[in-house]
Amino acid sequence: MTAATTANETSATVLVVEDEVLIRMVISEYLRHCGYRVIEAASGDEALVVLQQPEINVDAVLSDVQMPGAIDGFALARWVRNNRPGLEVILVGSPTRAAEAAGDLCESGPTLSKPYDPQVVVNRIKVLLAQRKP
Amino acid sequence: MTDCVPADNPGEKLDPAAILVVEDEVLIRLMIAEELRAAGYVVLEAADTDEAMAVLQADAGIGLVFTDVRMPGVLDGLGLARWVRARMPHLKVIVASADQASLRGPGSWDAGMTKPYDIPGVLRCVRRLLGASGEP
């Protein structure tokens, strides 16, 4: 698998935020297989708990747009933009318009549509992380 | 002190299997999951018992369920243990709680652990329950 081979060179940490457990499980396991350290959050609230821990390094956030609770993907992206500048956020949404709106919330506008294509996710993460390098 | 209560019926050897960690506190779930992964196990995560049942019903190759007792939702950890024992009796179950009294048996689990966790104790318990063929 090409993506797995190349991604093994990195130990970047991806925070996967998804309330549907079977989807979160599949995409998280795929990313781990590709060499990433993955932190799983089942909600926006859980994601915020993780992101507020200074000792936990996170290089990229992959978040569903629609989630139950007070913090959906939009709110999470807004929080990251205000509190963790430089941290990449990829929002994933089923409705195209929602994903486009999500792009407005992220400086680089990275969005993906559901259902997840794991290969596309990995490629997007690789591109974003590569862009961060000086 | 973490306590791994020996099971009365150690059970048969299992094939190499994944561990399902069920814990609603994300930082504790992360810590336990990463310690088990570092020991070589495949670890799946569930944030509550509803998620756990969804994963178990998906037949994700799980051999051991590691669940906190106190969790929100319809079932707590002990309820999940009973659910697993009734439907998937071949699976090993570890229940964990800060309240040692809640771990007094007999119950529908193979081992009980008190919180906060002693990681070496957790690993010994998992290794014992999964048996040699379940080694990572």
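**View 1. Surroundings of Leu20(B) in the predicted model.** Leaving aside residues up to four places away in sequence, Leu20(B) touches Leu44(B), Glu45(B), Ala46(B), Ala52(B), Val55(B), Leu56(B), Ile62(B), Leu64(B), Val65(B) and Phe66(B), where contact means heavy atoms within 4.5 Å. This is a predicted model, in which local features need pLDDT of at least 70 and side-chain atom pairs count only at pLDDT 80 or more, while totals for chains, interfaces and linings use all residues. Residues are numbered from 1 along each chain as its sequence is written, chains are lettered from A in the order in which they are written, and side-chain values use heavy atoms, with hydrogens and water left out.

**View 2. The largest nonpolar core.** This core has 26 residues, and those with the most contacts inside it are Leu20(B), Leu56(B) and Leu80(B); a nonpolar core is a set of buried Ala, Val, Leu, Ile, Met, Phe, Trp, Tyr and Cys residues joined through side-chain atoms within 4.5 Å, and buried means under 20% relative accessible area with a 1.4 Å probe, protein chains only. Two or more residues come from each of α2 (21–33) of chain A and β1 (18–22), β2 (43–46), α2 (49–57), β3 (62–68), α3 (77–87) and β4 (92–97) of chain B, helices being DSSP runs of H or I with at least four residues and strands runs of E with at least two, numbered from the N terminus. The most is given by α3(B), with 5 residues.

**View 3. Glu51(B) and its polar contacts.** Glu51(B), found in helix α2 of chain B, is buried, with a relative accessible area of 8%. A polar contact of 2.7 Å joins its side chain to that of Arg24(A), a polar contact being a pair of N or O atoms within 3.5 Å, of which, within protein, one must be able to donate a hydrogen and the other to accept it, and residues adjacent in sequence count only if both atoms are side-chain atoms.

Key: Buried means under 20% relative accessible area, exposed over 50%, partly exposed in between (1.4 Å probe, protein chains only).
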